[in-house]
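Visitor: I have a model open and would like to learn how to read it. Please take me through some features in turn.

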Amino acid sequence: MANSLLTGKKGIIFGALDEKSIAWKTALKCYEEGAQIVLTNAPVALRMGEINKLSALCGNAPVIGADVTNMEDLKSLFEKSMEHFGGKIDFVLHSIGMSLNVRKGKHYTEINYEWNQKSLDISAMSLHKVLRTAWDMNAISDWGSVVALTYIAAQRVFPDYNEMADAKSLLESITRSFGYHYGVRNKVRVNTISQSPTRTTAGSGVKGFDGFINYAEAMSPLGNASAEDCASYVTLMFSDLTRMVTMQNLFHDGGFSFTGVTQAVIERMEK
Ligand SMILES: NC(=O)c1ccc[n+]([C@@H]2O[C@H](COP(=O)([O-])OP(=O)(O)OC[C@H]3O[C@@H](n4cnc5c(N)ncnc54)[C@H](O)[C@@H]3O)[C@@H](O)[C@H]2O)c1
């Protein structure tokens, strides 16, 4: 049921690869709540063509290619988006993650540093680049909202999350640091949402994902949060109902982050 939470708002959604993507569900939710959106992804991801289906479901939202590590691409994306909207942008979703070392099966203790630079650039510094581009162009409206997606491996050790744990720590730090400056200058809010393990292309790339997701389910009083639930939370963060929330890492994980142990896990250990 829609509540018109985003009526009149305009936003850019990064990272919808296919219908499992958290960004895909968020685009649908934002559109349902009355927003106008622009969809963007890396040119190589656009070649899959899936995103055109999403565009059709979101009122023929423009699809604009941009490698999030490339400042020229980002500038062109913001220029074209503002031209399309006829004004500034109210919200941005950064839903991007990629680890070369995970993809190539390198253990954390043996990472290749060139790949690591690339992983950090795509998964974390890219948020700085997006914010910097918007900042330089004064592209985000006052009281606008930027959300990036993260994972609790930024705070606690999950060994197979590998270098992505470091990337997420950096992402959360950039959220606070840039969030401060953008708050002071334009009242723009910047937050991360720390989501439960979710079956998507990026999520399933983590080694031992089945064990990982089942453990989180057993350790969360509400169970794991779905991609649809995450989309709802992101949408709320883009709305005016959360105007005073900024520089936060917001757990969206069914209670996992504050649970020491559950009865379900104790019973399994007693077997
Ligand atoms: N799936 C999970 O378990 C989980 C849990 C917590 C947080 N997250 C985070 O959610 C976000 C979205 O991931 P997802 O699970 O929906 O998976 P996904 O694979 O659907 O999305 C990842 C996206 O990143 C994009 N991307 C990669 N390199 C890029 C580049 N150079 N330029 C532009 N885009 C690029 C991909 O094309 C893809 O659309 C990521 O930040 C991920 O770390 C996922």
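Visitor: How many residues of S5 are buried?

Guide: Nine of the 11 residues of S5 are buried, so the strand is mostly covered. Buried means under 20% relative accessible area, exposed means over 50%, and partly exposed is in between, with a 1.4 Å probe and protein chains only. Helices (H or I, at least four residues) and strands (E, at least two) are DSSP runs, numbered from the N terminus. This is a predicted model, in which local features need pLDDT of at least 70 and side-chain atom pairs count only at pLDDT 80 or more, while totals for chains, interfaces and linings use all residues. Residues are numbered from 1 along each chain as its sequence is written, and side-chain values use heavy atoms, with hydrogens and water left out.

Visitor: How do I read the pairing of strands, and which strands does S5 pair with?

Guide: Strands of a sheet pair through backbone hydrogen bonds, either parallel or antiparallel. Here, two strands pair if DSSP finds at least two bridges between them. Strand S5 (residues 140-150) pairs with strand S6 (residues 189-195) in the parallel sense over six bridges. S4 and S5 are also paired in the parallel sense, over five bridges.

Visitor: What is the order of strands in the whole sheet?

Guide: The order is S3-S2-S1-S4-S5-S6-S7, an open sheet of seven strands with parallel pairing. Strand S3 (63-65) and strand S7 (249-252) stand at the edges with a single partner strand each, so one side of each has no neighbour in the sheet. From one strand to the next, the twist averages 20°.

Visitor: Which helices lie across these strands?

Guide: Contact means heavy atoms within 4.5 Å. Axes are lines fitted to C-alpha atoms, for helices over the stretch in contact, and angles run from 0 to 180 degrees between N-to-C directions. Helix H1 (residues 22-32) lies across strand S1 (10-14), strand S2 (36-41), strand S4 (89-94), S5 and S6, and runs at about 165° to S1. H6 lies across S1, S4, S5 and S6, running at about 170° to S4.

Visitor: At what angle do H6 and H7 cross?

Guide: The axes of helix H6 (residues 113-137) and helix H7 (residues 164-186) cross at roughly 10° and come within 8 Å. That makes H6 roughly parallel to H7, since angles under 35 degrees count as roughly parallel, over 145 as roughly antiparallel, 65 to 115 as roughly perpendicular and the rest as oblique. Residues making the contact include Leu-120, Leu-127 and Trp-135 of H6, and Leu-170, Ile-174 and Phe-178 of H7. The contact residues divide into 14 nonpolar, four polar and three charged. Ala, Val, Leu, Ile, Met, Phe, Trp, Tyr, Cys and Pro count as nonpolar, Asp, Glu, Lys and Arg as charged, and the others, Gly among them, as polar.

Visitor: Which residues of H9 are buried?

Guide: In helix H9 (residues 209-218), the buried residues are Phe-209, Phe-212, Ile-213, Ala-216 and Ala-218. Their cover includes helix H8 (201-204) and helix H11 (263-270).

Visitor: How many disulfides are there?

Guide: A disulfide is a covalent bond between the sulfur atoms of two cysteines. The test used here is a pair of cysteine sulfur atoms within 2.5 Å. A search of the whole structure finds zero disulfides. For Cys-30, the nearest cysteine sulfur is that of Cys-58, 8.7 Å away. Cys-30 counts as buried, at 0% relative accessibility. The sulfur of Cys-230 is 11 Å from the closest cysteine sulfur, in Cys-30, which is too far for a bond. Cys-230 is also buried, at 0% relative accessibility.
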